[in-house]
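Look at the model first, then follow the questions.

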Amino acid sequence: MNAYKLRDYQSECVDTAIDWLKSTTSPGLIEAFTASGKSIIIAEIARKITSLTNGKKVLVLQPNRELLMQNAEKYRLTGERCSLFSASVGVKSLRHNVIFGTALTIKNYLDRFGNETCLVILDEADASLTPTILSIIKHLREQNPKLRILGLTSSPYKMGSGYIYRLDINDNPVPEDKAINPFFTKQIVHISGRCLLDQGYVSPIVVPSI
């Protein structure tokens, strides 16, 4: 039983992501403003996918130990167990269906990852598109051609290459000079700061008069 209640925009985000993952193998991107609760969104998507796929595995990749522990903690609030696979926390386990890992550790143990992985979730996706992570995805796709990829970020832009998605939320193509070889096919959700402000989840910035 979940120890949390999704906010309305989180619930809509999860539903949109699940629909996308059901319909295509193309990588989808969730842009979510800081304080939107990305860890909770990741937890709920991972929980639903494992229940829909009858025991397939979900791999959540994040760039550091701190995010790994945070995301795993939020996932445990679903009432389900998860595994950690990271040298930085001293654990390399594949026991449970949802695995939170760091890329460098997983790259060194790719032979332990077979065709049972159905989804890779990339937290901080703008910083996660490294050669190491791309090699992990390549290996997992070779094992399972139906592998799904989902990214989450508050900043879908990389210096030097621009936006990391090809189509915006309204299916408008991003100009090629503003998105050079983007990894993600589409920005499937955009949770803006205005959305959080309008729903009362963040406070407006007040600049004091001088």
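Q: Which strands and helices do the buried residues of helix 6 pack against?
A: This is a predicted model. In it, the buried residues of helix 6 pack against strand 2 (57-61), helix 4 (103-107), strand 6 (117-123), helix 5 (125-128) and strand 7 (148-153).

Q: Which residues of helix 6 are buried?
A: They are Thr132, Ile133, Ile136, Ile137, His139 and Leu140. These residues cover an arc of only 160° around the axis, so they sit on the same side of helix 6. On the other side, Pro131, Lys138 and Glu142 are exposed. An α-helix has 3.6 residues a turn, so residues three or four places apart point the same way.

Q: How do you know what span to expect for helix 6?
A: Count 1.5 Å a residue, and 18 Å is expected. Helix 6 has 13 residues, 131-143, and reaches 19 Å from its first C-alpha to its last. That is close to the expected value.

Q: What span should helix 2 have at 1.5 Å a residue?
A: Its 15 residues should span 21 Å. The end C-alpha atoms of helix 2 are 21 Å apart, so the two values agree.

Q: What covers the buried residues of helix 1?
A: The cover includes strand 1 (28-32), helix 2, strand 6, strand 7, strand 11 (184-191) and helix 7 (193-198). The buried residues of helix 1 are Tyr9, Gln10, Cys13, Val14, Ala17, Ile18, Trp20 and Leu21. Helix 1 runs over residues 8-23 and reaches 23 Å, close to the 22 Å expected.

Q: Why does histidine 96 count as buried?
A: Buried means under 20% relative accessible area. Histidine 96 has 18%, so it is buried. Its place is in the loop between strand 4 (91-92) and strand 5 (98-101). Leaving out residues up to four places away in sequence, histidine 96 touches Lys57, Arg81, Cys82 and Ser83.

Q: Why does asparagine 54 count as exposed?
A: Exposed means over 50%. Asparagine 54 has 74% relative accessibility, so it counts as exposed. It lies in the loop between helix 2 (38-52) and strand 2.

Q: Why is glutamate 124 called partly exposed?
A: Glutamate 124 has 24% relative accessibility, so it counts as partly exposed. Its loop runs between strand 6 and helix 5. Glutamate 124 also has a positive phi, of about 50°, although it is not a glycine.

Q: Is aspartate 111 buried or exposed?
A: Set its 72% relative accessibility against the cut-off of over 50%, and aspartate 111 counts as exposed. It is found in the loop between helix 4 and strand 6.

Q: How many residues apart in sequence are aspartate 111 and histidine 139?
A: They are 28 residues apart in sequence and 9.3 Å apart in space, C-alpha to C-alpha.

Q: Which residues touch the most other members of the largest nonpolar core?
A: Ile30, Ile45, Val58, Phe100, Leu119 and Ile121 do, in a core of 37 residues. Another core, of 26 residues, lies apart from it and has Leu94, Leu129, Leu140 and Ala179 among its members. In soluble globular proteins, nonpolar side chains tend to be buried together.

Q: How do you know whether the radius of gyration fits a compact globule?
A: With 210 residues, a compact globule would have a radius near 17 Å. The protein chain has 17 Å, so the values agree. Of its 210 residues, 49% count as buried.

Technical notes. Residues are numbered from 1 along each chain as its sequence is written. This is a predicted model: local features need pLDDT of at least 70, side-chain atom pairs count only at pLDDT 80 or more; totals for chains, interfaces and linings use all residues. Side-chain values use heavy atoms; hydrogens and water are left out. Helices (H or I, at least four residues) and strands (E, at least two) are DSSP runs, numbered from the N terminus. The expected span of a helix is 1.5 Å times one less than its number of residues. Buried means under 20% relative accessible area, exposed over 50%, partly exposed in between (1.4 Å probe, protein chains only). The arc is that of the directions from the helix axis to the C-beta atoms. Contact means heavy atoms within 4.5 Å. The radius of gyration is taken over C-alpha atoms; the globule rule is 2.2 Å times the number of residues to the power 0.38. A nonpolar core is a set of buried Ala, Val, Leu, Ile, Met, Phe, Trp, Tyr and Cys residues joined through side-chain atoms within 4.5 Å.
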